[in-house]
Structures are given as C-alpha cells and as structure tokens.
Amino acid sequence: MNWLFARQRFGVHPGLGRVQELLARVGNPQHAFQTVLVGGTNGKGSTAAVLASILKADGRRTGLFTSPHLTHFAERFQVDGQDLPTETVGAGLDRLRPHAENTGATFFEIVTALGALLFAEAGVEVAVMEVGLGGRLDSTNALDPVLSVITNVALDHTEILGNTLEAIAAEKAGILRPGRPAVTGVAADLLPLLRATGADLWALGQELRVQTRSLGWQGAEVGLKLPEAALEFQTPLLGAHGARNAALAAAAAWRLGVDETAIQAGVAAARWPGRLEVLPWCGGRVLLDGAHNPDGARALAATLLELGVPPLPVIFGAAGDKDVGGVVEALRPHISHAVLTRATLSPRAATAADLAPLFAGLPVILTDSPDEALAGLNALKAPLSLACGSLYLIGELRPLLLGTAGEDRERWQ
C-alpha cells in the first residue's frame with residue numbers, strides 16, 4: 001500500500017492508453033460485470049451511492065467505486081454496501097503491482113483497475129463507478145458503461161479541464177455513449193453539448209421533472225416524473241441538492257429496469273458519510289460537509305437556510321490550490337466563529353494563517369491540526385457546529401468525532 005500511495009506524487013496524467021493496457025494484462029476483469037459511470041463537478045459521489053443502494057435493494061450484487069476515500073483506502077471499493085476487507089484489497093494490489101509498474105500507470109489508473117479486478121473476483125453484477133476527474137480521459141472511461149450519469153457542471157479543476165463551463169461540459173460528455181441511456185442535471189444551456197454525443201439522454205427540467213418537499217433534518221420527499229411513469233420516495237440526504245441527486249439516481253435505476261418499490265427502499269437506505277452528515281460530539285452536534293468549491297459551498301449555504309440554522313461556529317480548512325475565496329464568500333453569512341486548521345496528511349492544505357485574511361471581520365481561532373480545531377470548537381460550547389472546506393479535512397475529523405482510528409498516509413488524490 002505504501003508503494004501505491006507514493007505514486008500520488010507523480011500527479012494526474014489524463015489518457016486511457018495506460019489503464020487499458022493494465023486492464024488487458026489482468027484479463028480485462030471489467031467485462032465480467034455491467035458498468036454505470038457517474039460524473040459531474042459536484043454530487044457525483046452521493047448520486048453513485050444512492051444508485052448503488054437502489055441496485056442492491058433490487059437484488060443485484062452491486063459494486064460501488066468512489067474517490068477520494070474519507071479515512072480508509074478500502075472505502076473506495078464497496079460490495080453490497082460494505083467496504084471490501086483491507087486484506088482483500090491489499091492482495092489484489094499485490095497481483096496488480098508488477099503490471100502497473102510495467103505500464104507506468106498512475107495512482108488513479110491503478111486504483112481504477114484494482115476496482116475492476118476486485119469487483120470481478122467478488123462476483124459483482126453491476127458496478128457503479130464514480131468518475132475521478134472530467135470524463136473523456138478519466139481512467140474510469142476505459143470501462144464501457146451501459147448507462148451514464150452527469151450530475152452537473154461547475155468551474156473546478158480548470159487547469160486540466162478548461163476555464164469555461166462549455167469546455168468542462170465537453171470533457172464530462174466523454175462518458176456518454178451513442179444510443180445508450182443517460183441521465184443528467186446539467187443546466188439547459190449546456191445540454192446541446194451532451195445531446196451531440198447521440199446518447200439517449202433524459203435531463204432534469206426536460207424529460208425529468210422533480211418536485212420536493214423538505215422534511216428538515218430528516219431529508220425530503222421527492223416526486224419524480226419520467227417520460228412514461230411517476231415515482232415518489234423519501235431520501236435522507238439533506239438539502240435541495242441532495243433531493244436532486246437522489247432523483248437522478250432514481251431515474252438512472254428506472255432506466256436500468258428497477259421498479260418503484262426497490263427504488264423507494266434503496267433511496268431510503270442510502271448513506272453518504274462526510275457529506276451533510278450530522279455526528280454527535282461533546283453534548284452537541286457537528287455537521288460535516290466536503291464543500292470544497294464555490295458551487296458546493298453555495299449548495300451547503302442553501303441547505304443551512306432551508307434548515308433554519310443561524311450563524312454557527314465553523315471548522316474550516318482547504319487546499320491551497322482551490323478557489324478558497326469563492327467558498328468563503330458563499331459561507332460567510334453563516335459563520336459566527338471560524339476555527340481555521342489544515343488536514344495534516346495533505347501537503348496541498350493551506351495553513352490556518354494563509355486562510356485567516358479571507359475571514360477578516362469574523363472571530364477567528366488559528367489551529368495546526370484537526371485535534372486542535374476540535375478543542376477550539378469545544379471552547380465555544382455551541383449546540384451545532386459545521387466542519388467543511390476539504391474532504392481530506394473531513395476524513396481526519398470524522399474518526400476523531402467517532403472515536404475510531406484513521407490512516408496515517410499522505411493524501412494527494
């Protein structure tokens with residue numbers, strides 16, 4: 001495992017040639033199951049998790065591949081809602097390593113091939129694969145999807161994907177296949193780019209119509225009108241965007257032949273840790289969310305308004321190469337005190353001192369680690385607090401809140 005994590009430092013090198021060769025060297029395990037690709041700027045992880053939960057409820061042996069992991073590497077590989085054992089993951093990596101070294105595969109290419117290998121050996125019938133970055137040249141696109149989902153398009157990873165929404169949408173459209181079903185929640189003005197692929201596309205606001213009724217901290221009731229049917233279900237996901245992601249997952253499941261009963265059961269059972277997740281701590285509650293770009297921060301801010309949450313203390317940490325100013329701008333009206341910190345395992349993380357100028361005018365506590373941040377938060381004695389800004393930070397905070405052990409490995413991807 002140390003060998004694999006060391007490869008993070010070599011960065012991202014878009015392209016499908018290396019991962020295709022790596023998959024071929026281990027017998028093309030991806031041919032043993034059906035694949036669904038789930039891409040988008042935000043919400044792809046929760047949409048993938050809900051879809052996998054629905055497919056499991058339908059009686060299909062289901063794999064779920066997500067990235068990055070929050071705390072433990074094995075979280076990236078779930079079968080029927082359970083992480084594969086660390087020993088199983090390690091044994092698969094040992095078999096893959098010589099082929100990965102011979103092909104010069106990158107970290108994420110190796111992880112993608114490992115997921116395919118593990119799912120094939122676990123007898124998975126369908127694998128829901130979260131796209132890592134973009135779509136067209138992402139290593140998950142070496143798999144051949146029977147259906148694809150694109151949740152939305154916003155500005156993120158612009159140095160790789162392009163600095164316009166149109167350029168990013170074109171990259172994400174690469175996971176669509178001519179004539180095959182797809183669902184999307186992208187804005188109407190970007191839909192022509194997706195429809196030009198020839199995919200059999202259902203889009204929110206056009207072929208798909210969604211109505212929601214907030215249930216507060218319990219989630220939402222969702223009504224989904226499809227071209228030939230109407231579905232009703234409840235989701236525990238918080239916020240309007242959570243209900244929207246659940247609707248996309250339900251539409252995708254319907255197109256895969258799942259009936260309403262299984263959709264209702266699967267949506268209700270779905271959980272997605274670290275994303276608008278509430279955990280008890282020191283007599284109060286902490287709301288965890290991985291909002292790490294302005295679009296995600298605006299969705300979080302809208303959810304706080306929907307829930308009627310007054311300004312509250314916020315633990316915040318972020319990668320220095322993100323649009324941190326845009327994130328803080330969206331959240332500022334909801335912050336009473338800022339406890340600034342950094343994910344200690346992420347070399348990309350900005351220091352608390354680097355972040356402090358963005359919080360001018362607010363009470364600020366500077367800390368050097370998640371442990372110190374929780375101590376600073378405890379001193380404020382608030383019944384509800386928020387932690388956000390970086391998934392890596394959430395991944396370090398969550399085990400501290402739960403009283404469990406984390407992993408001590410450097411995080412780049």
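Does D144 count as buried, partly exposed or exposed, and at what relative accessibility? At 46% relative accessibility, D144 counts as partly exposed, where buried means under 20% relative accessible area, exposed means over 50%, and partly exposed lies in between (1.4 Å probe, protein chains only). The structure is a predicted model, in which local features need pLDDT of at least 70 and side-chain atom pairs count only at pLDDT 80 or more, whereas totals for chains, interfaces and linings use all residues. Residues are numbered from 1 along each chain as its sequence is written, and side-chain values use heavy atoms, with hydrogens and water left out.

D144 takes part in a salt bridge with R177, in which the closest N and O atoms are 3.4 Å apart; a salt bridge is defined as a side-chain nitrogen of Lys or Arg within 4 Å of a carboxyl oxygen of Asp or Glu. This pair links distant parts of the chain, since D144 lies in the loop between β5 and β6 and R177 in the loop between α7 and β7 (181-184), 33 residues apart. Helices (H or I, at least four residues) and strands (E, at least two) are DSSP runs, numbered from the N terminus. In contrast to D144, which is partly exposed, R177 is buried, with a relative accessible area of 16%. A network of salt bridges links D144, R177 and R180.

In total, the structure holds 15 salt bridges. One of them joins E109 to R18, with 2.9 Å between the closest N and O atoms. E109 belongs to helix α5 (residues 107-121) and R18 to helix α2 (residues 17-25), so this pair ties together parts that are 91 residues apart in sequence. E109 is buried, its relative accessible area being 3%, while R18 is partly exposed at 25%.

A further salt bridge is formed by E171 and R136, whose closest N and O atoms are 3.1 Å apart. Here too, distant parts of the chain are linked: E171 is in helix α7 (residues 165-172) and R136 in the loop between β5 (126-130) and β6 (147-150), 35 residues apart. The relative accessible area is 17% for E171, which is buried, and 40% for R136, which is partly exposed.

Helix α12 was also examined for burial. This helix (residues 324-331) is mostly covered, as six of its eight residues are buried. The buried residues are V324, G326, V327, V328, A330 and L331.
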